[in-house]
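These are my notebook entries on a structure that I looked up. I set down each term with its cut-offs where I first needed it.

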Amino acid sequence: MANNLIARGLKRCSTRRFLLWIAPWAALLAFGLYSAGLCLVEGLNQTNMDNRFAFGLWIFLDLTVIALGAGAFFTGFLLYILKVDELRAVINSAVVIGLVCYSGAVAVLMVDVGQPLRAWFTFWYPNVHSMLTEVTFCITCYLTVLFIEYLPIVLKNRKLREIPTFLVFEFELHKLIYVLAGVGTFLSFFHQGSLGGLYGVLRGRPFAFREGLAVWPSTFFLFIISAAAVGPSFVLLTTWLVEKISRKPLVRPAVLELLGRISGLLLAVYVLAKTVDTLVWINRTSPESGFPAAQYYSWRPFGTWILFAEIVLFGLVPALIMLTPRLRAHTGWLVSAAAMACCGVALNRFVQTIQTLALPTLSFDKFLSYYPSWQEVGTFLAVVAYGALVYSFSFRYFQLFPEERERYQI
Amino acid sequence: MTTTRRDIFKFAGGSALGALLTPAPWRLITDTALWSENWPGIPRPARGEIRAKFTHCSLCPAGCAVRARCVGEQPVSLAGVRGGLCPFGVTGHQLPYHPARLRQGPVSEAMAAVADAIAKCGPGERVAVLDLRPGRTASWTARRAMAVLKNGWYIAPVQSPVAVDLTKARTVLSLSAPLLERWGTPANVFAVRDGFRLIQADPVESRTAALADLWLPIRPGSEEALALGLAGQLTSAETAAMTGLSEHQIESVGQTIGFGRLSLVIDRAMSPAVVALNVKLGGWGRTIVPRAEAPVPPEWKKAAPVTDLAAVPDRSIRVLLIDESAPGEYLPWDAIEKKLAAGNPLVVVFAWSANGYGRYAKYVLPTPVYPEATDDIPPAIDSPAPCFRIAAPLLAAPAGVVTPSEFIASLAGLPPADALRERARAIHQGGRGTLVTYADAKSVPVKEVKPDDFWKALNAGGCWVGQALPPANFRAPVGQALPPANPSQGLVVLATPPAPSPASPLFTKLYQESDLLLAPNCIALHPQDAARCGVSAGNRATLETPNGKWSVRILTDSSVRPGVVLAARPEMASASGKVVRV
Amino acid sequence: MNAQKKYGMSIDVDRCTGCGSCMVACAVENNIPPAHAGANDRNGLTWIRVYKVDNGEDYPGKRSAFIPVLCQQCGEHTPCASVCPQQAVDVDPRTGIVGQMPERCLGCRYCMAACPYHARYFNWWDPRWPAGMEKTLNPDVAPRMRGVVEKCNFCHGRWHAAKQKAAAAGKSEIEPGDYVPACVEACPTGAIRFGDLNDPSNDLRHPDSFRLLKKLGTDPKIYYRSKRDWVRNVAQASRPVSSQKEASHG
């Protein structure tokens, strides 16, 4: 392929090897697109969702990838607003991750709704009281911001720079980057929060319902903090992964450590807030709506272990690891902790989506289980494959890690 | 002037911007919305003048009065006139469109074959009509036709000569009779439900048992033993041993229903033992009454007698015509089959679908289905007075169908006169009783109605109600020999109360989209039994009984008596069944 | 100006035989198609659904009851109305009825996740009727397409018809007998009664009656009653009765 597209001073593998790398991802994407196409053409009967499990794998996926993609806004916020300049080393990568996560989530949402052709009704007849309206508005706006933020990365490509207009445009965009970072942060705060609010407002689901501050339930804030905490962890994790896969040092170890420290700090705050929230919920919110909290954990497999895993194992433990300088300095510990933090947030989103829907509310109702159909898994995998492909192409042809050239020794 | 590429881009860009100022894109958005609202393939309900028509539901012997809401001539919903309808009645207007419905059949071929077979009947061989719902005017036609044929027989399940009067009862003891389900007329039963205490003796917690004031979980098949025990023909100890109840329970029930307490004992078909028990309890003329049939023209009296299937000699029927168009009590096919003559007997079934006895017949002839059929419905078991009501058709029957009574009448060369009208005339000439009309909710003595108006009113959903008979000259039947108390090998398969088949496709709401009713392909058993048979809920299994094998899905339910299998299809009922996992 | 109505129901559990008339009558009235071959009890369309409940014991101690559950028309904090992103759900202030506009719905199913009664149903399949059966469709209700959510609206078509009848007669108020939902009309046992909860004369809110999940504070408008203690306990238990985990049937 056009190797003259690769940035000067960077060494990338041969076209052949690159093709070998992307071929399985492309195959996976093709399979996923077929699955999604089936759901669009035949209808959502292709999934294993039902009237009780109105949300399934896809909503879990959406919530998780949007939390993981939070690295884009939070790194931007730290770099451009709080001037943490070390993070320039990963900002481009973070933007690509954000773009992948958000666009993937929106694409899956379009398959997930029964009448995608009417998705625009939300803009036409918005219900301002709905958390989903807030999510829709913020995510679409922020996705636009991400596209604009992605543009300079694309325009810095060697070939594209040859066109003078693009060069000028890129330069102008660059001046805007502070505004974009600010807008992105604002939007992200709201949609991360309103994604949490999605469940927190469900008065009819005492397992998910939370009291709140002003118009927002506590999960609104918990989602913001947890997303901000896990975003840098995910950036750290992907950077480390890309270093391993490409076998190239891409950033200084100090940058990864910094990401870990930020993540650890926020995770600690999150664990504290989540603990307080859980205690309030167990002792007040849930009993007041007629549901002793203990009953939620009497349905196998959802025992109290899940609460322990969410808060301690995948919350407190990685936070402590990342906050301990000695452990943090060790890549193995750091990466493991980051992975654990990501798992913790995924688990939290799983609990919010799946456990909430599995638990019976009516006293004579059954506890129900749900397993995704292959079409749902296929669509899920399409997002993963799409992410891998976009990232691979971006990594190959754009300069995602500005320090790479300096650190490139050979 | 030369056009550059830049110009083209400019033009395109300008056009796009300009288009935004026109209504076109906004219109397009609206059209997308409208298009998504009128998804292709969604039927549009027909519109037209809305009117109400009245008729009677002929799906079961209850014969509920029905008000049909029609768009033009097409009924779009049915409602009861006096209280609600059962789910079968509510969806009756959809039956003509049932996917399993037969529309065409070899009518003339069958006619020729039957005439030929009748002509070739050997000595001692018979032509028989099996009528599943006797007592109708169509039944009279069949009986008259069989009387004309020298070797004709009219076979039908024995009907109880009595009716019950629930309004008078203070205590009702039901021996597995589905009193609150499909036994009497649902709305009438519930109208008086608060007036009596209900004791349900039932091997399973049926729907009636669930709502009874007391449920006595007896052994399957021990209903008659309990009746005899309560009548004093068995000791308490014997009764307890047979029914599985305690002696104390039996004595306590005995005291509750004791003599002269306005008690009523019922079972599914009001068997002689139960009638005898009621008489003994002093219910004759009060809670249980004799009921005459609505008058028939005098010339019809020359009809073939009603013969019980059991009384027919084996291997004696050469030609059997089964009228399945009006469903009633279920008769197992092997009981029918052994009456057929050896060597190619001719069986013709009149039915709405080929799924019933049609499976065993040479010819299945399609009949009109409710609400296309014109028929009358004999009075229900809980109607103390005789009555005459017509299921007036709401819809025209399709061209290919045949009315069983017309087919049978033509075999015997009876004139194709309108038997229902003749009978209405006879009732009118009798001059007794009243005419009840639903449209105006009036009740008029028949004497004050002109014959033509009477006929018209009956066709517009009117009902003639006669007078109850005075309770004289009743000879109590003698209690019969006891059923053998057999410790059954295997599981006892009980069928839920028979459904007035066919059922609308909408019944998926009740057993596919919810688990309210037992689906036809499901059986339920106690979790212990399921474990013993090596099956668990949701498994596929085979139910094996002496009557046949069925592929079924297993449900477990701890309200089913251990040792009992609950099935929805009457043909599955058996005293010894086996469940084998597939 | 009309007086505000607050339509509600009273369901006598002790009279419900679980026959299913209400469920099929509802489907007839509201043009709900028969199930697709692949449908099951979790993805069918049953705007009113009769649950079989029991006291958790084994034969012969087991006792069963039938509880019809339909949209409870929550009057306060209506869980489904506030979550809909595009105002496809509203509470009519004139009647207190929670309305659903399938033509506005995009099928996100957030309302279904929000409903504690599982009284909302999604069209997982294209609606299909057996050939010819579409002739029996009710002209007052538009069939829905796949991919949208629907639910009980107390037979909105009947309310409209009653309104028109009243208007034609020059009245501003509906005669109570003119507006009766299909399930109420169909119930052979008279277990379901319907009326204006603001009208004290109809005794719908009997002091002995209870409401499902009342503690959630959503002011449901379906009142249940039963003289049987265990039924009241099971229906209002704070914890689901474990024996409900097994498959139940009729």
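I began with a definition: a polar contact is a pair of N or O atoms within 3.5 Å; within protein, one must be able to donate a hydrogen and the other to accept it, and residues adjacent in sequence count only if both atoms are side-chain atoms. I noted that this is a predicted model, in which local features need pLDDT of at least 70 and side-chain atom pairs count only at pLDDT 80 or more, while totals for chains, interfaces and linings use all residues. Residues are numbered from 1 along each chain as its sequence is written, chains are lettered from A and ligands numbered from 1 in the order in which they are written, and side-chain values use heavy atoms, with hydrogens and water left out.

**Entry: chain B and chain C**

I looked up the polar contacts between chain B and chain C and found 29 residue pairs, both residues at pLDDT 80 or more.

Helices (H or I, at least four residues) and strands (E, at least two) are DSSP runs, numbered from the N terminus.

In terms of contact (heavy atoms within 4.5 Å), 67 residues of chain B meet 70 residues of chain C. The two chains bury about 5700 Å² between them, and carbon and sulfur atoms give 59% of it. Buried area is the accessible area (1.4 Å probe) that two parts lose on being put together, summed over both.

How many salt bridges are there between chain B and chain C? I found five, a salt bridge being a side-chain nitrogen of Lys or Arg within 4 Å of a carboxyl oxygen of Asp or Glu. I also noted a salt bridge of B:D194 with C:R15, whose closest N and O atoms are 3.2 Å apart.

**Entry: chain B as a whole**

I recorded 17 helices and 26 strands in chain B. Its C-alpha atoms fill a box of roughly 120 × 60 × 55 Å along the principal axes. Of the 582 residues, 55% are buried; buried means under 20% relative accessible area, exposed over 50%, and partly exposed in between (1.4 Å probe, protein chains only).

**Entry: domains 2 and 3 of chain B**

The domain bounds come from an automatic or database domain assignment. In chain B, domain 2 covers 117-160 + 294-465 and domain 3 covers 162-290. I found their C-alpha centres 31 Å apart. Six residues of domain 2 are in contact with 14 residues of domain 3. The two domains bury about 780 Å² between them, 54% of it on carbon and sulfur atoms. In domain 2, B:S160, B:I381 and B:D382 lose the most area to domain 3, together 72% of what that side buries.

**Entry: C:I11**

Is C:I11 buried or exposed? C:I11 counts as buried because its relative accessibility is 0%. C:I11 lies in strand 1 (residues 7-12) of chain C. Leaving aside neighbours within four places in sequence, I listed its contacts, including C:P68, C:L70, C:A191 and C:Y224.
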